[in-house]
Every structure is written in C-alpha cells, then in structure tokens.
Amino acid sequence: AAGAKAVFDEMRRLDAEMTTWTPTGETAKIHAAAGVKPVKVSDEEFEVIERAVDVSKHSGGVFDITVEAFRGLWKFDEDMDGSLPNPADVKKRLEKIGWKDIVLDKKAKTVYLRRKGMAITLGGIAKGYAVDKCVALLKKRGFTDFMVQAGGDMFIAGSKGPEPWVVGIRDPRGPRDEMFALAPVKDHSFSTSGDYERGFVKDGVRYHHILDPRDGQPARASRSVTVRAKDAYTADAWSKVMFIWGWKKGTELIKQNKLDDFEVVWVDDKNEIHMTPGIEKDLKVIKQPTPGP
C-alpha cells in the first residue's frame, strides 16, 4: 500500500508541474512569456522539454510539442462537439508551430518560445516520463514484479509468478475491450498511440487528436502504433513519431537513429499489420483488425 501511495503521489506531483491545464503550472508560465522573455523552470520540466526537442530533431520534426497552438481550434477534449476548424484558421495557427523556436538555456535552466502565441504541450511525452519515475521509485523500494500504467503508457517489471505478463493490443475499430494481438512483456515499456482514443467520425472520415505539425491535420498513415522499448519515455515519444510517419518511413527512422531495443507494431491506414522483426517472434495475432473508417 505504501508503494502504491508513493506512485500516486509522484504522478500527482509531476502532473501539477507539467500540465497545461492550470495557470499556476510551469508550462503555463512559459506560454505567458512567449515572445517576451525566457522562463526559469525546474530541472525535471527542463529535462522533459530538452528530450522533446531532441526527438523533434531526430524525427524529421513530426514530433513537435508546439502543436499546443492548435488547442481550441481542434476540439478533442471535453470541448469535443464534432465540429471541424475553418481551414484558414488552421493555416494561421501553423505560423505558431515550430520546435526550432523553442530556445533552451541549459545553464540557466530557462525555456523561451520565440514568438507570441506559441505554446507547448507535454501531453505526448510527460506520461512516459512519469511512468519511468514511478518505476525507479518502486525498484528503490525493493519491488521486482509490478506494472505501472498512465493512459496508453505502461512499464512491466518482472513476471506474473512463473508466467510472463501478457499485454494485449487493442483492435482500433473493434469494441473497447477487444484485442487483435498479444505479446509477453518483461522489464520493458509498452505504449500504444491510436486514432480511436480522442476523436470522431464525420462524413465517413475520422478526425483525432494526433495532429501532424506540418499541416495541422490529424495524421493519416496509421490507425494504431504500439511500441515496446526499454523505457516508457522512449515508447511514449516515439510512438507518436511512428504513428505520424507510418510504417515505411518509421522503419527507416529506427535504423537511422539506431533505436536499440525498440520494437513496433503498426496497423496502417489500410488496416494492415506491420511489425519490426524483433517483435514478430513474440507477437501472437489472434484476429485481423476490424475494418471501418
């Protein structure tokens, strides 16, 4: 019970620090000072933003925390009403997007957004970071067999008695609890990004929250992407990259960036399954993913 309490306390602490939803958080202060001045942040917030910029650099810019500038235009949170933004407004907001305009001063631990109206979200990266922090916390307390999960990001340590933990990958178009594949996981993170989590279908087209920063539109190359990696942070950030680029370019990026101990399962836009060789031997496909928009 003490271990569980420590994990929840840590999650709450990191959420309060990195959320974009409260005006008192560090992220909100960075937004308020965009185009004006750098903001001093905690070591942890700086580390997460620095890592995010590094992923941007190595992903051809498709991972970009400045997509926060689209908030309120695309409505995928509690404001979701099935409406589509005006294309002219999307175009205008694109001017506020650009990871290269995040200026980091490692010595001073400051973050500066070069242009007014710019904003960042740590939503695609902070959950993985928080999971890793909680894993370290539990290991320090002597736990060896456990699972920590935050949204689609989890880390699985040890085993379930004599058996390995087995994790399912959700069918992107099936019922909520239906899986299309199963895989044993031990001492690794498992993260899924899907177009079904926050979104809607309108006139036969699905609109969802994973936006491509290059055009401000929901990414179209994949329906879901699952990553097995050595830590939750890597799985969380890179699952978005793999989702936006799709399996062909994603496979190239894995080789280019020498992403070791990093395996991916894609369900592409045509509902076909693709995977990296390392997970092929472990993954058990139990059904074909359900068709549908």
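Hi everyone, thanks for coming. One thing before I start: what you see is a predicted model.

Let's begin with the strands. There is an open sheet of 3 strands in the order β1-β3-β2, with antiparallel pairing. The edge strands here are β1, residues 39–40, and β2, residues 102–105, and each of them pairs on one side only. If you want to see how β2 meets β3, look for 4 bridges between β2 and residues 110–113, running antiparallel.

Now please move along to β5, residues 153–157. How many of the residues of β5 are buried? It is 5 of the 5, so this strand is largely enclosed by the rest of the structure. Both of its faces are covered: on one side you have D153, F155 and A157, on the other M154 and I156, and all are buried. For anyone wondering about the cut-off, buried means under 20% relative accessible area.

And who are the partners of β5? One is β4, residues 146–150, which pairs with β5 in the antiparallel sense over 5 bridges. Within that pairing, M147 has I156 of β5 as its bridge partner. The two strands make a hairpin with 2 residues between them, and G151 in the turn has a positive phi of about 60 degrees. Another partner is β8, residues 188–194, joined to β5 by 4 bridges, again antiparallel. There, F155 stands opposite S189 in β8.

While we are on backbone angles, two aspartates deserve a look. D187 has a positive phi of about 50 degrees, although it is not a glycine. You will find D187 in the loop between β7, residues 179–185, and β8. D203 also has a positive phi, near 50 degrees, and is likewise a residue other than glycine. Its loop runs between β9, residues 199–202, and β10, residues 205–208. Which of our exposure labels does each one get? D187 has 37% relative accessibility, so D187 counts as partly exposed. D203 is at 77%, and therefore counts as exposed.

On to the rings. Searching the whole structure turns up 5 aromatic pairs. One of them is W74 with F76, which is stacked, at 5.6 Å centre to centre and with 10 degrees between the planes. Both partners are tucked away: W74 counts as buried because its relative accessibility is 6%, and F76 is buried with a relative accessible area of 5%. Ring pairs also link W74 and F76 with F200 and Y207 into a cluster.

Some rings have a charged neighbour over the face. K109 lies over the face of F46, 5.6 Å from the ring centre. R214 does this with W245, at 4.4 Å from the ring centre.

Last stop, the second largest pocket. The space in it comes to about 220 Å³. Which residues lie nearest its centre? They are D54, V55, T234, W238 and L259, out of 14 lining residues. Helices α3, residues 43–58, and α6, residues 232–256, each supply at least two residues of the lining. The one that gives the most is α3, with 4 residues.

Terms used: Residues are numbered from 1 along each chain as its sequence is written. This is a predicted model: local features need pLDDT of at least 70, side-chain atom pairs count only at pLDDT 80 or more; totals for chains, interfaces and linings use all residues. Side-chain values use heavy atoms; hydrogens and water are left out. On a 1 Å grid over the protein atoms alone, a cavity is a set of points where a 1.4 Å probe fits but cannot get out, and a pocket is an open set with protein on both sides within 12 Å along at least five of seven lines; lining residues have an atom within 4 Å of a point. Grid points are joined across faces, edges and corners, and a volume is the space filled by probe spheres set on the points. Rings of Phe, Tyr and Trp (its six-membered ring) pair if their centres lie within 6.5 Å; planes under 30 degrees apart count as stacked, over 60 as edge-to-face and the rest as tilted. Buried means under 20% relative accessible area, exposed over 50%, partly exposed in between (1.4 Å probe, protein chains only). A charge sits over a ring if NZ of Lys or CZ of Arg is within 6 Å of the ring centre and within 35 degrees of the ring normal. Two strands pair if DSSP finds at least two bridges between them.
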